[in-house]
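The following exercises are to be worked with the sequence and the structure at hand. Each task is followed by a solution in steps.

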Amino acid sequence: MSEQNNQPEQEVEAQENLDQVAEELQGSEELSAEAEIAVLHAELEAAKQTIEDQKDSVVRAAAEVENIRRRTAQDVEKAHKFALEKFANELLPVLDNLERAIEFADKENDAIKSVIEGVEMTAKSFVDAVAKFGVEVVSPQGETFNPEFHQAMSIQPSADVEPNTVIAVMQKGYLLNGRLLRPAMVMVSKAAE
(Lines give C-alpha, C1' and ligand atoms only; values in the text may rest on other atoms or scores of the structure.)
Protein backbone atom coordinates (compact mmCIF):
# COMPACT_ATOMS: atom_id res chain seq x y z
CA MET A 1 0.00 0.00 0.00
CA SER A 2 2.86 2.41 0.81
CA GLU A 3 4.44 1.70 -2.60
CA GLN A 4 1.26 2.87 -4.28
CA ASN A 5 1.34 6.07 -2.21
CA ASN A 6 4.99 6.66 -3.25
CA GLN A 7 4.18 6.35 -6.96
CA PRO A 8 2.35 9.71 -7.24
CA GLU A 9 5.13 11.34 -5.18
CA GLN A 10 7.77 10.00 -7.57
CA GLU A 11 5.80 11.23 -10.57
CA VAL A 12 5.44 14.68 -9.00
CA GLU A 13 9.16 14.78 -8.21
CA ALA A 14 10.10 13.79 -11.77
CA GLN A 15 7.75 16.46 -13.17
CA GLU A 16 9.27 19.10 -10.84
CA ASN A 17 12.77 18.17 -12.03
CA LEU A 18 11.59 18.45 -15.62
CA ASP A 19 9.99 21.84 -14.95
CA GLN A 20 13.17 23.08 -13.23
CA VAL A 21 15.37 22.07 -16.16
CA ALA A 22 12.93 23.70 -18.59
CA GLU A 23 12.91 26.98 -16.58
CA GLU A 24 16.68 27.10 -16.49
CA LEU A 25 16.88 26.60 -20.20
CA GLN A 26 14.12 29.08 -21.08
CA GLY A 27 16.40 31.93 -20.01
CA SER A 28 18.46 31.59 -23.13
CA GLU A 29 16.81 32.42 -26.42
CA GLU A 30 18.35 29.63 -28.29
CA LEU A 31 18.58 26.15 -26.80
CA SER A 32 21.77 24.35 -27.45
CA ALA A 33 21.67 20.78 -28.64
CA GLU A 34 22.96 19.59 -25.27
CA ALA A 35 20.25 21.48 -23.38
CA GLU A 36 17.58 20.11 -25.70
CA ILE A 37 18.92 16.58 -25.12
CA ALA A 38 18.83 17.18 -21.35
CA VAL A 39 15.17 18.23 -21.53
CA LEU A 40 14.27 15.26 -23.70
CA HIS A 41 16.21 12.94 -21.41
CA ALA A 42 14.32 14.28 -18.37
CA GLU A 43 11.00 13.80 -20.18
CA LEU A 44 12.01 10.26 -21.13
CA GLU A 45 12.92 9.40 -17.53
CA ALA A 46 9.60 10.78 -16.30
CA ALA A 47 7.73 8.72 -18.92
CA LYS A 48 9.70 5.58 -18.01
CA GLN A 49 8.88 6.07 -14.32
CA THR A 50 5.18 6.49 -15.15
CA ILE A 51 5.21 3.31 -17.26
CA GLU A 52 6.91 1.31 -14.48
CA ASP A 53 4.39 2.55 -11.93
CA GLN A 54 1.49 1.62 -14.21
CA LYS A 55 2.97 -1.82 -14.93
CA ASP A 56 3.18 -2.49 -11.20
CA SER A 57 -0.43 -1.40 -10.72
CA VAL A 58 -1.62 -3.64 -13.55
CA VAL A 59 0.26 -6.67 -12.17
CA ARG A 60 -1.19 -6.11 -8.69
CA ALA A 61 -4.72 -5.69 -10.07
CA ALA A 62 -4.39 -8.88 -12.14
CA ALA A 63 -3.17 -10.82 -9.09
CA GLU A 64 -6.09 -9.52 -7.01
CA VAL A 65 -8.59 -10.49 -9.71
CA GLU A 66 -7.08 -14.00 -9.89
CA ASN A 67 -7.31 -14.36 -6.08
CA ILE A 68 -10.96 -13.28 -6.10
CA ARG A 69 -11.75 -15.68 -8.96
CA ARG A 70 -10.10 -18.60 -7.12
CA ARG A 71 -11.88 -17.84 -3.83
CA THR A 72 -15.21 -17.55 -5.61
CA ALA A 73 -14.67 -20.89 -7.37
CA GLN A 74 -13.88 -22.54 -4.02
CA ASP A 75 -16.99 -21.04 -2.43
CA VAL A 76 -19.18 -22.25 -5.29
CA GLU A 77 -17.65 -25.74 -5.08
CA LYS A 78 -18.32 -25.91 -1.33
CA ALA A 79 -21.87 -24.66 -1.82
CA HIS A 80 -22.54 -27.42 -4.38
CA LYS A 81 -20.87 -30.06 -2.24
CA PHE A 82 -22.64 -29.26 1.01
CA ALA A 83 -25.97 -27.77 -0.12
CA LEU A 84 -27.71 -31.00 0.86
CA GLU A 85 -26.37 -31.01 4.42
CA LYS A 86 -29.59 -29.84 6.15
CA PHE A 87 -31.74 -32.05 3.94
CA ALA A 88 -29.55 -35.09 4.62
CA ASN A 89 -29.66 -34.43 8.38
CA GLU A 90 -33.46 -34.49 8.21
CA LEU A 91 -33.44 -37.84 6.38
CA LEU A 92 -31.13 -39.64 8.83
CA PRO A 93 -33.83 -40.25 11.50
CA VAL A 94 -36.03 -41.87 8.83
CA LEU A 95 -33.21 -44.26 7.95
CA ASP A 96 -32.60 -44.93 11.67
CA ASN A 97 -36.27 -45.82 12.13
CA LEU A 98 -36.22 -48.22 9.17
CA GLU A 99 -33.16 -49.96 10.62
CA ARG A 100 -34.76 -50.17 14.08
CA ALA A 101 -37.90 -51.69 12.55
CA ILE A 102 -35.77 -54.38 10.89
CA GLU A 103 -33.71 -54.98 14.04
CA PHE A 104 -36.66 -55.43 16.41
CA ALA A 105 -39.03 -57.23 14.02
CA ASP A 106 -40.03 -60.81 14.81
CA LYS A 107 -38.18 -62.57 11.99
CA GLU A 108 -39.59 -65.97 13.01
CA ASN A 109 -43.19 -64.87 12.37
CA ASP A 110 -44.10 -66.03 8.85
CA ALA A 111 -47.04 -63.61 8.70
CA ILE A 112 -44.78 -60.53 8.68
CA LYS A 113 -41.76 -61.98 6.86
CA SER A 114 -42.72 -60.28 3.59
CA VAL A 115 -43.23 -56.95 5.41
CA ILE A 116 -39.74 -57.24 6.94
CA GLU A 117 -38.26 -57.98 3.52
CA GLY A 118 -40.05 -54.92 2.13
CA VAL A 119 -38.68 -52.71 4.91
CA GLU A 120 -35.16 -54.14 4.32
CA MET A 121 -35.41 -53.40 0.60
CA THR A 122 -36.70 -49.89 1.35
CA ALA A 123 -33.83 -49.24 3.76
CA LYS A 124 -31.28 -50.52 1.22
CA SER A 125 -32.70 -48.40 -1.61
CA PHE A 126 -32.77 -45.41 0.76
CA VAL A 127 -29.06 -45.85 1.57
CA ASP A 128 -28.26 -46.29 -2.15
CA ALA A 129 -30.25 -43.16 -3.04
CA VAL A 130 -28.49 -40.90 -0.51
CA ALA A 131 -25.11 -42.43 -1.47
CA LYS A 132 -25.60 -41.01 -4.98
CA PHE A 133 -25.49 -37.55 -3.41
CA GLY A 134 -22.33 -38.16 -1.35
CA VAL A 135 -23.81 -39.48 1.91
CA GLU A 136 -21.70 -42.33 3.33
CA VAL A 137 -22.48 -44.60 6.28
CA VAL A 138 -20.04 -44.74 9.21
CA SER A 139 -20.48 -48.13 10.88
CA PRO A 140 -17.19 -48.82 12.67
CA GLN A 141 -17.92 -52.22 14.22
CA GLY A 142 -14.54 -53.83 15.09
CA GLU A 143 -12.50 -50.77 14.10
CA THR A 144 -10.24 -48.65 16.29
CA PHE A 145 -12.10 -45.81 18.01
CA ASN A 146 -11.66 -42.51 16.14
CA PRO A 147 -13.01 -39.44 18.00
CA GLU A 148 -13.27 -37.53 14.71
CA PHE A 149 -16.01 -39.90 13.47
CA HIS A 150 -17.20 -41.75 16.58
CA GLN A 151 -18.85 -40.70 19.82
CA ALA A 152 -18.18 -43.05 22.72
CA MET A 153 -21.39 -43.70 24.64
CA SER A 154 -19.84 -46.21 27.03
CA ILE A 155 -16.63 -48.07 27.75
CA GLN A 156 -16.63 -51.76 28.58
CA PRO A 157 -13.78 -54.00 29.72
CA SER A 158 -13.08 -56.80 27.24
CA ALA A 159 -10.44 -59.51 27.03
CA ASP A 160 -11.58 -60.56 23.54
CA VAL A 161 -10.52 -57.42 21.63
CA GLU A 162 -7.76 -54.83 21.78
CA PRO A 163 -8.38 -51.81 24.02
CA ASN A 164 -9.88 -48.78 22.25
CA THR A 165 -11.81 -50.92 19.74
CA VAL A 166 -15.45 -50.34 18.83
CA ILE A 167 -17.33 -53.38 20.16
CA ALA A 168 -20.88 -52.17 19.45
CA VAL A 169 -22.51 -49.52 17.26
CA MET A 170 -25.61 -48.06 18.87
CA GLN A 171 -26.33 -45.62 16.06
CA LYS A 172 -24.57 -45.36 12.71
CA GLY A 173 -22.84 -42.15 11.74
CA TYR A 174 -22.88 -40.43 8.36
CA LEU A 175 -20.54 -38.34 6.19
CA LEU A 176 -21.49 -35.96 3.39
CA ASN A 177 -18.69 -35.71 0.83
CA GLY A 178 -16.15 -36.46 3.55
CA ARG A 179 -17.60 -34.00 6.09
CA LEU A 180 -19.13 -35.46 9.24
CA LEU A 181 -22.92 -35.13 9.36
CA ARG A 182 -23.39 -37.19 12.49
CA PRO A 183 -20.87 -39.22 14.51
CA ALA A 184 -21.44 -42.93 15.07
CA MET A 185 -22.51 -43.62 18.66
CA VAL A 186 -20.42 -46.53 19.85
CA MET A 187 -19.35 -48.71 22.77
CA VAL A 188 -15.57 -48.89 23.17
CA SER A 189 -13.47 -51.61 24.76
CA LYS A 190 -10.85 -51.15 27.44
CA ALA A 191 -8.37 -53.58 28.92
CA ALA A 192 -9.90 -56.21 31.18
CA GLU A 193 -8.89 -55.93 34.80
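**Exercise 1.** Which residues does Ser158 touch, not counting residues up to four places away in sequence?

*Solution.* The model is a predicted one. Begin by placing the residue: Ser158 lies in strand β2 (residues 150-158). Beyond the excluded sequence neighbours, Ser158 touches Ser189, Lys190 and Ala192. Next, consider its side chain, which reaches the backbone nitrogen of Asp160 at 3.3 Å. Finally, the relative accessible area of Ser158 is 15%; buried means under 20%, so Ser158 is buried.

**Exercise 2.** Determine on which side of helix α4 (residues 113-131) its buried residues lie, and what covers them.

*Solution.* First check the helix length. At 1.5 Å a residue, the 19 residues of α4 should span 27 Å, and the end C-alpha atoms are 27 Å apart, which agrees. Then list the buried residues of α4: Ile116, Ala123, Phe126 and Val130. These cover an arc of only 85 degrees around the axis and are therefore on the same side of α4. Ser114, Met121 and Lys124 are exposed on the other side of α4. The cover over the buried residues of α4 includes α3 (85-104) and β1.

**Exercise 3.** Describe the open sheet to which β1 belongs.

*Solution.* Three strands form this sheet in the order β1-β4-β5, with antiparallel pairing. Its edge strands are β1 (135-138) and β5 (179-182), each pairing on one side only. Neighbouring strands of the sheet are turned by 35 degrees against each other on average, direction ignored.

Notes:
Residues numbered from 1 in each chain as written. Predicted model: local features only at pLDDT ≥ 70, side-chain atom pairs only at ≥ 80, totals over all residues. Heavy atoms only, no water. Helix = DSSP H or I, 4+ residues; strand = E, 2+ residues; numbered from the N terminus. Buried < 20%, exposed > 50% of the residue type's maximum accessible area, 1.4 Å probe, protein only. Polar contact = N/O pair within 3.5 Å; in protein donor to acceptor, adjacent residues only side chain to side chain. Contact = heavy atoms within 4.5 Å. Pairing = 2+ DSSP bridges. Axes fitted to C-alpha atoms, helices over the stretch in contact; angles between N-to-C directions. Expected span 1.5 Å × (residues − 1). Arc of directions from axis to C-beta.
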